[in-house]
Amino acid sequence: MYTRDERGILNNYASEPQMYFADYPSVEQQRNYLLQAGIATLLVSALMLTALAVS
């Protein structure tokens with residue numbers, strides 16, 4: 001899609017995708033998010049403790 005002003009300058013616009021509302025995550029997705037958060041917490045804690053032990 002584009003427009004042209006009175007001086008002949010062309011303005012291009014990106015086409016916008018159709019919007020939709022997100023669905024609330026299911027119980028299984030929530031469980032997976034909790035598992036990922038737990039693994040990430042353990043990883044960061046292990047990295048911090050390793051850095052503390054080395055220094």
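Trainee: Let us start with S26. Is S26 buried or exposed, or something in between?
Mentor: This is a predicted model, and in it S26 has a relative accessibility of 37%.

Trainee: Where does S26 sit?
Mentor: S26 is in the loop between strand 2, residues 10-12, and helix 1, residues 27-54.

Trainee: Turning to helix 1, how many residues does it have, and what span does it reach?
Mentor: Helix 1 has 28 residues. From its first C-alpha to its last it reaches 41 Å, which is close to the 40 Å expected at 1.5 Å a residue.

Trainee: And how many residues of helix 1 are buried?
Mentor: The number is zero out of 28, so helix 1 lies largely in the open. For the chain, buried residues make up 0% of the 55 residues.

Trainee: What other elements are there, and in which order do they run?
Mentor: The chain has one helix and two strands. From the N terminus on, the order is β-β-α.

Trainee: How does the radius of gyration of the chain stand against the globule rule?
Mentor: The radius of gyration is 25 Å, well over the 10 Å that the globule rule gives for 55 residues, so the chain is more spread out than a compact globule. Along its principal axes, the C-alpha trace spans about 70 × 40 × 10 Å.

Trainee: What about G8: where is it placed?
Mentor: G8 lies in the loop between strand 1 and strand 2. At 34% relative accessibility, G8 counts as partly exposed. The C-alpha atoms of G8 and D23 are separated by 45 Å, although these residues are 15 apart along the chain.

Trainee: Finally, where is confidence lowest, and where is it highest?
Mentor: Confidence is lowest in strand 1, residues 2-4, with a mean pLDDT of 72, and highest in helix 1, at 98. The chain as a whole has a mean pLDDT of 90, and 96% of its residues reach 70 or more.

Conventions:
Residues numbered from 1 in each chain as written. Predicted model: local features only at pLDDT ≥ 70, side-chain atom pairs only at ≥ 80, totals over all residues. Heavy atoms only, no water. Helix = DSSP H or I, 4+ residues; strand = E, 2+ residues; numbered from the N terminus. Buried < 20%, exposed > 50% of the residue type's maximum accessible area, 1.4 Å probe, protein only. pLDDT = per-residue confidence, 0-100. Expected span 1.5 Å × (residues − 1). Rg over C-alpha atoms; globule rule 2.2 N^0.38 Å.
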